[in-house]
Amino acid sequence: MLDAPPNRPALPPEIARRRTFAIISHPDAGKTTLTEKFLLYGGAIQMAGQVRAKGEARRTRSDFMKMEQDRGISVSASAMSFDYREFRFNLVDTPGHSDFSEDTYRTLTAVDAAVMVIDGAKGVESQTRKLFEVCRLRDLPILTFCNKMDRESRDTFEIIDEIQEMLAIHVTPASWPIGVGREFLGCYDMLRNRLELMDRADRNKVAESIKIEGLDDPKLAEHVPQDLREKLIEEVEMAKELLPALDPQAVLEGHMTPIWFGSAINSFGVKELMDGIATYGPEPQIQAAEPRQIAPEEPTVAGFVFKVQANMDPKHRDRVAFVRLASGHFQRGMKLTHVRSKKPITVSSPVLFLAADRELAEEAWAGDIIGIPNHGQLRIGDTLTEGEALKVTGIPSFAPELLKNCRAGDPMKAKHLDKALMQFAEEGAAKVFKPMVGAGFIVGVVGALQFEVLASRIEQEYGLPVRFEPSQFTSARWVHGEKTAVESFVQKNKQHMATDNDGDVVYMTRLQWDIDRVVRDHPELTLSATKEMQ
Ligand code: G4P
């Protein structure tokens, strides 16, 4: 966490009510279902099922989307805003598949907290663990939702122990399940001393909430059969003794996660989780930047691009840059400075993503995510301000782990391929390297599935069939050093050299030995596997 300046003023109410977060989970744990219920309670949709229905409509528009449907994965991140009680929730969607971890990483730079969804029967799965590690790097507060309690699930203590051990984080129960599987009745709300009962008959109905005065309240006996009651009392006593009590500061610092138990499909436990996000959320945080950090309460607007999505509407070749506002009160029509190019841009048609629709944003506040349509001038990592030369830091670009040569199926159209690849590179969907010797491009990705997505999108969006063929190279490193030293290195190693889409020099490697050799023979240079987006 970044240091708050001393005597920091309270945030303006419009900013203080914002909660910007992402949901992280292993595929199938219930992220989509939970999102849908969030929107339902946020009043953004009237009926559960709409998110999918809208998704279907969207998917029919391209093969790329169709693939998303066929594979049952979500490949592009998007943002959705909705109100819950007096709060404005900004939910930023993260792609669930491990092949898209770079995109996910960047998405997580734009949120103040993460909700981790786990399946009660499966516990912490591989993808949850990876995503958790990314959150940990940023000390993001994490709230946990243990889903599918209506099915046979693991023992509650076992689940909590697994999270504590595998993820090295303190876990504090915010609720305690009563029974499991068919016997699952609901939860005891440990924070508010209430009994929440699940309605199995109506999946969209909010749970019945019964206020009780402690676990010896006779009202408990009216609703919970004796055997389950005795088990509950015993377990809650044990939990209070063995597990840490909720410490909001530890949650804020990312050292403790409160866990709620529920069943997203039955709308159970969701409201309690939403109340938890509202209370422990937290409000928009200070953003790391150079030469100084940015506080949300600053009167001037600053924001940064964490994602670029091209061709959201195939009819218009537009790109939408997703901008997280780090400070101030943004109003439509504002003139902002694009810090990288030092040029002013007038933001006349910013977009707010309300549920599944887009809407023109008349205004937005620190914490919000707005979409800015543009023709390619906005890139991932770019900072926008009202004039000050600030640069948001911490949005990395990773060295790709898989490389392939990319060729146009029709050689006459090779030129168009150039344009298409550059666009995807700017979008952050792939790394594109132009070798200094020979023709064609080398495309680098983090996960194999990305090649398929790219081929499908290039064909769909540019009408260009392409082939990806094996490359002799296996990895890439950015080369840093004095200009003359880099130039001399490039001259001597031309067969290995390429430039990335920003024109930066890259050393292509076949074996770890190549890297070791450069490190040994060229102490004047450094090779890096990541590069901060510029
Ligand atoms: P994901 O986005 O994390 O991949 O998960 P998603 O919400 O799509 O949920 C995965 C499956 O788990 C879905 O079933 C969904 O209905 C089910 N599910 C979600 N929450 C609960 C829950 O609380 N209890 C139970 N029992 N199941 C739950 P599916 O069969 O794959 O899809 P569908 O036919 O229901 O659409």
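Strands E30 (residues 497-499) and E31 (residues 505-509) pair in the antiparallel sense over three bridges. Two strands pair if DSSP finds at least two bridges between them; strands (E, at least two residues) and helices (H or I, at least four) are DSSP runs numbered from the N terminus. Opposite Met 497 stands Tyr 507 in E31.

This is a predicted model, in which local features need pLDDT of at least 70, side-chain atom pairs count only at pLDDT 80 or more, and totals for chains, interfaces and linings use all residues. Residues are numbered from 1 along each chain as its sequence is written.

E30 and E31 belong to an open sheet of eight strands with antiparallel pairing, in the order E28-E25-E27-E26-E30-E31-E29-E32. At its edges are strand E28 (466-470) and strand E32 (526-528), each pairing on one side only. On average, neighbouring strands of this sheet are turned by 40° against each other, direction ignored. Helix H13 (residues 449-462) packs on the sheet, where it touches strand E25 (402-408), strand E27 (441-445) and E28. The direction of H13 makes about 155° with that of E28. Contact here requires C-beta atoms, placed from the backbone, within 7 Å. Axes are lines fitted to C-alpha atoms, for helices over the stretch in contact, and angles run from 0 to 180 degrees between N-to-C directions.

| Strand paired with E4 | Bridges | A bridge pair |
|---|---|---|
| E1 (residues 18-25) | five | Phe 21 and Ala 113 |
| E5 (residues 142-147) | six | Phe 145 and Val 117 |

Seven of the seven residues of E4 are buried, that is, 20 or more other C-beta atoms, placed from the backbone, lie within 10 Å of the residue's own. Ala 113, Val 115, Val 117 and Asp 119 point one way from the strand, and Ala 114, Met 116 and Ile 118 the other way. With helix H6 (residues 126-137) and E5, E4 makes a right-handed β-α-β unit: with the strands pointing away from the viewer, the path from the first strand over the helix to the second runs clockwise.

The ligand is surrounded by 17 residues, of which the closest are Lys 31, Thr 32, Thr 33, Ser 263 and Ile 265. A residue counts as near a molecule if its C-beta atom, placed from the backbone, lies within 6 Å of it. Helix H2 (residues 31-41) gives the most to this shell, with three residues. By type, the shell divides into four nonpolar, eight polar and five charged residues. Ala, Val, Leu, Ile, Met, Phe, Trp, Tyr, Cys and Pro count as nonpolar, Asp, Glu, Lys and Arg as charged, and the others, Gly among them, as polar.

Definitions and conventions. A residue is buried if 20 or more other C-beta atoms lie within 10 Å of its own, exposed if 12 or fewer, and partly exposed in between; C-beta atoms are placed from the backbone. Two residues are in contact if their C-beta atoms, placed from the backbone, lie within 7 Å.
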